[in-house]
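Subject: Structure handover

Hello,

Here is the structure you are taking over. Please open it alongside this note.

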Amino acid sequence: MKKLISLLIVAAMLLGMCAFAAAEEPVEVRVSVSSLGNGWPATLEEDWVYQKILKDINVSFKLELVDDYWNAMGTRMDIYDAYMIDIDHLRTWGRDGALLDLTELKETKLASYYNWLGSTKLSAAYVDGVLYGLPKLYDGSKSQLCVTIRQDWLDALGLKMPETIQDLYDVAYAFTYNDPDKNGENDTLGLTAAKPSATGVFLFDTILGSFDTAMGNWILIRDGKVTNALLQPGMVQGLEWCKKFVDAKIVDNDCLSTAGTSQFVSGKVGMIGCTWPGIWKAYGQQQIHDVNPNAVTNFFTTLKSEVGAEPAMYQGDLNSTNAILAISADISEEKLDALIKYIDYITVGEGANLVYYGLEGEHWVYDEQGRIRMTENATAANYISTYQLFSRKELEYLDAKFPEAKMVFDQTTAANRIWTYNSLVVEPEGMYLSDMESYARQQLLDFIYGDRELSEAEYANFIQELNDMYQFDEYMAAAEEQLREQGIVE
Amino acid sequence: MTQLSTPVFKKKPLGTRFIRAIRQYWPLYAMIIPGMLFFLIYKYLPMYGIQIAFKNFSLRKGIGDSLWLWDDKKEWFYWFERFFKSPQSSQIITNTLIISLSKLVMEMIPPLVFALAISETVFKKYARVIQTVSYLPHFLSWVIVFGICATMLGENSGVVNNMIKKMGGQAIPFLSNKKYIRGVLIGSSLWKGIGWSSIVFLAAIAGIDTSMYEAATIDGCGRFRQIWYITLPNLARIFVVLLITKVGHVLDGGFEQVYIFLNDRVRATAEIIDTWVYTQGLGKQQYSLTTAVGLMKSVLSCGLVLGTNALARKWDSSLW
C-alpha cells in the first residue's frame, strides 16, 4: 500500500512537471511584444479582436508576450515571425542577420505601408544602411510632457502663471512657505516630478529647459553642429538655478526615488512635471477632486529661455521609439504575405478603427459631427491597443478616447522640446556608454545637491573626467560623423 | 565432496549491490527522480549556455555556433577584462561586498538573539504572537517593502521625518542620499527577514535536551549562564551550517531589493554587481559579458563555500 501511494505521488509530481504544448493553428503569424494591454483575454476565444481579424482577413494573428528578451533570444526566438522591439535590439539583431532586409519590399509589397507613413522619418529603422524595421507613425504628435499646476493655489496667493524661471522659483517658493491651501500648516511644497523614466532626474529637466539643456547625455544639434546637453553653455547657470531651488527647500526630493504623482494628487505639492495622461485623464482629475473638491488644475508647456534660445522644456527624441516592427529573416513567403495583409488591414479604414477603438456600435459610435466617441462599454476595449503595433494617428485617437483632455494634449504634443538624437548614434566599440550616462547623471546631481563644488572650473574638470574615463570626446566625434553620414547635419 | 557453505564476507560487486538496493528501496529511489529531474533541467542543462562567456555571442548563430573569442581574434578573457576595466567595477565590487557582508551579519546575529529572546519568554502565548507577527514581512515582495519604506522614510511626508521635523530637527533624505542608502538597504532587509531567519534557531533550541537545563539549574546557573553554557554551544553547529550556505551568496547582495531602491543620487554607494549586469546585459544585450560576470561570481561563490566548509571542518562542524 505504501509503495502504491509513493508511486502515485511520483506520478503526480512528474505529471505536474510536464508542460502541454498548445494546439497549433493551421495558418498563423506570431509576433512577440514586450507588454500586453490591460485586461488581455486569457484565451483566443475571448479575444474578439483576434476573432474579427481571423474572420475579416483570414489571418490567425497572435501577439505573444516576451517579458524577457533572453527568452526570445535563447530558445524561443525562432517561433516568432516578427518582433516589436526597440532601436537597440533592432541594431543588434539586424547586424546578427536575424532580421529580414526590407529595402526591396519597401518598393513592392510594403509600398502601401511606407506611403501611409508619409513624412515619418525612417532613419531609426535603418541599420548600417539596410532597412530592417517598420517604424512607428509620426503624425505631428510629439512628447506629451507638461508642468501641471494648482490654479486655485495661484489664485489664493494672487500669483500669475509662471513665464520665466524666476517666476517658477517665486511660485514654488510661495507654494512652499505661504500656505497656499490655507490650512494653517507649513506642509506644502513647490515642485515635483512624476518620474516617467527610471533615471530620477526628470525634476531638474523642468528647470534646465530654460537654459536650453537637460540632465544627462543628450546629443543635440545647435547652429548646424552636433553638441551635447552636457556641453551647452547654459549648463552651469542652469545647475546653479537647480541648486537654488534645492537649497530653498521648495522641491520634492522624494521624487528622485518615487514618483511625485501622489504628492500632487493629495495636494502636498503645487506643481508637477508629468506626462499629461496621469493627471488629466478623467480618472486623474477624479482623484484630485476626491481629495479636494475645489482643486483646479492648469498647465504650461514651456518657460521663456534665459539664454536666447527658442523656448523649450524637456528633451524629446523624434527618432527614438520602443516600437519598431522587425520581421524574422526566417519567415516563410506565406507568412510574410499574411503579415503584410494584417499591416494593410490595420492602417486604414475598418481595421484601423477596430484596433484603435473596438467594435462599432459596441465600444464606440459616430456622434452628430461624424466624430468617433467612446461608449460606456469602452473599457472592455482597453486591451486592444497592443494590436495597433506601430500604427496610430495619435491626435485623432486621443480626441476620440480622451475628449476631456483635448486642450492639454493639443498643446503638449505641439510644444517645442530640446530635440535629441541619441537614438541615431552608436557608441564607439569598447566604450561604456551606460556607465558614462549614469556617472554623468550622478555628478550633475552632486553639483546640484552640493556634494561637489559648482563652478565653471569644476564643471570643466567633470567634462575632462568624462573624456578621460569614459571616452566622452570619442563618443561625440562618432556622433558627429554618424549624424553627418545620415544627412542630419551637413 | 560438498563444501560447507560459509557466511559470505566478500562484498558483492557495486553494480549488484546497487541493483539490490534499488529493488529493496525502490519507492525511496523513485521519489528522488522528480528532484533530480528538476536539478537536471533547471540547474545542469542551462550550464550549456556558460560557453558564451568565451564566445562572441551572436543571436543568429545561437549558442553552439557563435564564434569562440580566440577564433574572433580576441583573448579568451575578453569579457572578464571588459568587466574589470569598467571605470565603475571597483566601486561596484566594493558596494557589493559591503552590502552583502553587512546583510550576512544582520541575517545571522539578530535572528539568533531574537530566537533566544522568544524562547526565553515566559508568556508562551505572547511569544507565539510576536513570532507570527515577525514572519509576516517575509511574505511581502520588495516592491511593497519599498512602498512601506517610502511612506516611512520619505523626506517630505515620511512618518519618521515628520516626527523629526515636529521635534525641531532637519528632514533626513534616507532614500536619496549616498550616506544613508546602505543603512536603509540593510535595515529593511533585517526587518523583512529577522522572523523568518529565526525559525531555524528556534527549531534548534527546541531540540536541546531539557535535562541539561535542569542539571544546570541545580548547579546554580541563572538564565544568562544557561544561554551561554547550554543554548549557544548547542546552536553552534546549525549556525555554522547556515553561515556556509549564506557565504555562497556574498557576491549577490540581493538584486531584487537593490534594483528597486536604486536611483541616481545613491548609485555610487548602492550599485551592486547584479544591478550593473542587468543594465549592461539585458539593457544593452551584452549577453556574453553578463554570462562572464555571472560565471565569475559562481566560481568565486563556490570557492567561498568550499573554503568556509574547510574552515568549519577544523571545528568539526562542517556541512559535509
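Below is what was found, chain by chain.

This is a predicted model: local features need pLDDT of at least 70, side-chain atom pairs count only at pLDDT 80 or more, and totals for chains, interfaces and linings use all residues. Residues are numbered from 1 along each chain as its sequence is written, while chains are lettered from A and ligands numbered from 1 in the order in which they are written.

Chain A

Chain A holds 19 helices and 17 strands. Both kinds of element are DSSP runs numbered from the N terminus (helices: H or I, at least four residues; strands: E, at least two). Of its 490 residues, 41% count as buried. Buried means 20 or more other C-beta atoms within 10 Å of the residue's own; exposed means 12 or fewer; partly exposed lies in between, with C-beta atoms placed from the backbone. Now the contacts: two residues touch in this sense if their C-beta atoms, placed from the backbone, lie within 7 Å. Among contacts in chain A with a separation of 6 or more, 76% join residues 24 or more positions apart.

One helix pair to look at is α9(A) with α17(A), residues 433-448. Two packed helices are described by the angle between their axes and the distance between the axes. Here the angle is about 60° and the axes are 8 Å apart. Axes are lines fitted to C-alpha atoms, for helices over the stretch in contact, and angles run from 0 to 180 degrees between N-to-C directions. α9(A) and α17(A) are therefore oblique to each other. The cut-offs: under 35 degrees is roughly parallel, over 145 roughly antiparallel, 65 to 115 roughly perpendicular, and the rest oblique. From α9(A), the contact uses Leu239(A), Cys242(A), Lys243(A) and Val246(A); from α17(A), it uses Leu444(A), Phe447(A) and Ile448(A). By class, that is six nonpolar, no polar and one charged residues. Nonpolar covers Ala, Val, Leu, Ile, Met, Phe, Trp, Tyr, Cys and Pro; charged covers Asp, Glu, Lys and Arg; the others, Gly among them, are polar.

Two loop residues also deserve a look. Lys249(A) sits in the loop between α9 (235-247) and α10 (261-265). Its phi is near 55°, positive in a residue other than glycine. Lys249(A) is partly exposed, with 16 other C-beta atoms within 10 Å. Gln471(A) lies in the loop between α18 (456-470) and α19 (472-485). Gln471(A) is not a glycine, yet has a positive phi of about 55°. With 19 C-beta neighbours inside 10 Å, Gln471(A) is partly exposed.

Chain B

Chain B has 15 helices and two strands. Its radius of gyration is 26 Å, well over the 20 Å that the globule rule gives for 320 residues, so chain B is more spread out than a compact globule. (The radius is taken over C-alpha atoms; the rule is 2.2 Å times the number of residues to the power 0.38.) The C-alpha trace spans about 105 × 75 × 35 Å along its principal axes. Of the 320 residues, 28% count as buried.

Helices α11 (residues 223-247) and α15 (residues 287-314) of chain B pack at about 160°, axes 8 Å apart. That makes α11(B) roughly antiparallel to α15(B). Their contact has seven nonpolar, two polar and no charged residues.

Finally, Pro27(B) is in helix α2 (residues 26-44). Pro27(B) is partly exposed, with 15 other C-beta atoms within 10 Å.

Best wishes
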